[in-house]
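Work through the exercises below with the sequence and the 3D view side by side. Try each task before reading its solution.

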Amino acid sequence: MRTILFLLQKEFIQIFRNKTMLPIIFIMPLVQMLVLVFAANLEMKNIKMKLVDFDNTATSQEIVSKFKASPFYNIIGYSYSVEEAQNSLIDNSADLVMVIPPNLEQDILNGQSPKVQLLIDAINGMTAGLINSYSSMIMLDVNKDIAIELMKFSANQQLKQISIKQRFWYNSGLNYKHYMVPGIIVILVTIIGMFLTALNIVSEKEFGTIEQINVTPIRKYQFILGKLIPFLLVGLFDFALGLFIGKLLFGVPIRGSLFLLFSFAFLYLVLVLGIGLLLSIISDTQQQVMFLTFFITLVFVLMSGLFTPIETMPLWAQRVNIINPFAYFMKVNRMILLKGSGFFDLIREFLYIGIYGIISIVVAIRLYRKTS
Amino acid sequence: MVDKYQNSIIKVRGLTKRFGKFTAVDNLNFDVSQSEIFGFLGANGAGKTTAIKILCGLSSPSEGNAEVAGFDVYKQTENIKKNIGYMSQSFSLYEDMTIVENIRFYGGIYGMPLTLLKERTNHMLNRLKMTEYANKLIKEIPLGWKQKLAFSVATLHRPKIVFLDEPTGGVDPITRRQFWDLIYEAIDIGITVFVTTHYMDEAEYCHRVSIMVDGKIAALDTPDNLKQQYNAKSMNEVFLQLARKK
């Protein structure tokens, strides 16, 4: 126990004296939360569209259904007043208003080219440009279909529509940031935990100090605990910092129990630090370990459901996610924060991450050799 | 017949270490007695570092037996580690920690009581004339200082044996001389010194010297006897004769 205290003292002296590590611990969470939450914003997927259909015919319905079928559009409402629809642009409830003129179908059948109007909120030029090009593509498609249809003959089928009213639970405003923040926090905590642990041990290898440690009577478990505890604390600190920023800047709700959340974060960090430890044991240089860590985090992040829901991934990918720690923490973080889930909803996640954590630490202690 | 080495603190019998087909250390046999300065000489790549790593419990032998401070190098490496000090070529102090922090850390992990640790730290800093630099980072002090400090840290817990692996690489003769003063002080308090070097002038300071050539011990005796035996004026000549033989 005393040995561990001396090891901890040494680690903290080094952490607080290290000019690259301190900014990583204190500044990186801020930057990541500020930059990534906005940058990783995929709200393009969710273009809020208001529809003013003066025509209301099979053809106009077809145009509408094309937009509906696209994953990028979300039709938020219908109106029969252009002015009212424009108001929803003003109050930001819509990004796009489509006005289908009266007699559209009739005009087409008469060989005229009626004009559909798209009003795009261009406060964000980037977004407006994207909406414009997406929409133009869909309209092109519509034109092609109409042309084909006309060449055959005009069919007088009336499409019957079932209207679906949607309500979004747990994130009723479809606030993308509320969805992203818990995910970004997971990445933040993982990167800090895994990279710092792995780099720290490998740098001891590079300086040769690990050899000196290996000739002392320090036990393996003492050495490993001495390395894990500081970075576990740093990880928990950054997790708290991330949550704080999320709450303060983005108003992310914390509906569930903080204790439950931190308990999971603790288990998760044990696992992540264990992985970092394993990587550092099999690497000899900082470059090697950086590359390995980067590779693993990249694969896991992309598969974790940060950007795309796991449910839409192919089955094999969903299976791979059984071992993806990111996926678990991301899910748990979102469920506790946004949904207020309790322990019994998350037993499976607690169990898996707990077991993986124990495995990673045991394997790390086994693999770490004081002798060669 | 009485084994004249029964009191030896290091016993090595037929020690061999192979890496694949390459035999780095080939059938070593020797004994070191307490308070002896045992020089372990050889050209680069002769197998010195491999042998010293086995004796420190950092590496296990392929064949043969060895006992260090009465403990077996196969099974009792953790006991060996409690009884030895080790200083390698890279002298392994933490560059981003101060002199006094390094001393406290290494003393602490050898389980030294705090009062004793404090007492020895003060004594040591006085002896090395580094008291006013106690709070300097290791990376800010000169190489010669680091080496003297690393040696003092390696003997802080009063081990039975201290292993020095080319401890004086890259420093001037005066600093080397000062370093050897520290070694003599260590044997005065009963520490055994096992030192590898390729400075032949340092070989003259040892009580006994073994010279390794290609993983084998080619000669082992006191410096005087060796010089007589090879009809040489200095250890350097002895070494060259042995190294050229192959």
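Predicted model: local features only at pLDDT ≥ 70, side-chain atom pairs only at ≥ 80, totals over all residues.

Residues are numbered from 1 along each chain as its sequence is written, and chains are lettered from A and ligands numbered from 1 in the order in which they are written.

**Exercise 1. Describe the overall form of chain B.**

Begin with the elements: chain B has nine helices and ten strands, where helices (H or I, at least four residues) and strands (E, at least two) are DSSP runs numbered from the N terminus. Next take the extent, for which the C-alpha atoms of chain B fill a box of roughly 50 × 40 × 40 Å along the principal axes. Then compare the radius of gyration, taken over C-alpha atoms, with the globule rule of 2.2 Å times the number of residues to the power 0.38. Chain B has 18 Å, which agrees with the value near 18 Å for a compact globule because the chain has 246 residues.

Finally, consider burial and contacts. A residue is buried if 20 or more other C-beta atoms, placed from the backbone, lie within 10 Å of its own, exposed if 12 or fewer do, and partly exposed in between; buried residues make up 43% of the 246 residues in chain B. Two residues are in contact if their C-beta atoms, placed from the backbone, lie within 7 Å, and among contacts in chain B between residues at least 6 apart in sequence, 69% join residues at least 24 apart.

**Exercise 2. Work out the order of the strands in the open sheet of four strands in chain B.**

Start from β1(B), residues 10-19, which pairs with β2(B), residues 22-32, in the antiparallel sense over eight bridges; two strands count as paired if DSSP finds at least two bridges between them. The hairpin of these strands has two residues between them, and B:Gly20 takes a positive phi near 65 degrees there. Now turn to β4(B), residues 63-68, which runs antiparallel to β1(B) and is joined to it by five bridges.

The edge strands are β2 and β5 (71-72) of chain B, each of which pairs on one side only.

**Exercise 3. Is α5(B) mostly covered or mostly uncovered?**

First check the helix itself: α5(B), residues 143-154, has twelve residues and reaches 16 Å from its first C-alpha to its last, close to the expected 16 Å, a span defined as 1.5 Å times one less than the number of residues. Then count the burial, by which α5(B) is mostly covered, with nine of its twelve residues buried. Among the buried residues are B:Leu149, B:Phe151 and B:Val153. What covers the buried residues includes β6 (84-87), α3 (99-109), α4 (114-127), β7 (161-165) and α6 (173-188) of chain B.

**Exercise 4. Place the residues B:Ser35 and B:Asp214, each of which has a positive phi although it is not a glycine.**

As background, most residues other than glycine have a negative phi. B:Ser35, with a phi of about 65 degrees, lies in the loop between β2 and β3 (37-42) of chain B, and B:Ser35 is partly exposed because 16 other C-beta atoms lie within 10 Å. B:Asp214, with a phi of about 50 degrees, is found in the loop between β9 (208-213) and β10 (216-221) of chain B, and B:Asp214 is partly exposed because 15 other C-beta atoms lie within 10 Å.

**Exercise 5. Describe the side of chain A that touches chain B.**

Count the residues first: 20 residues of chain A are in contact with 24 residues of chain B. In chain A, α1 (2-17) and α8 (209-214) each supply at least two residues of this side, and the largest share, seven residues, comes from α1(A).
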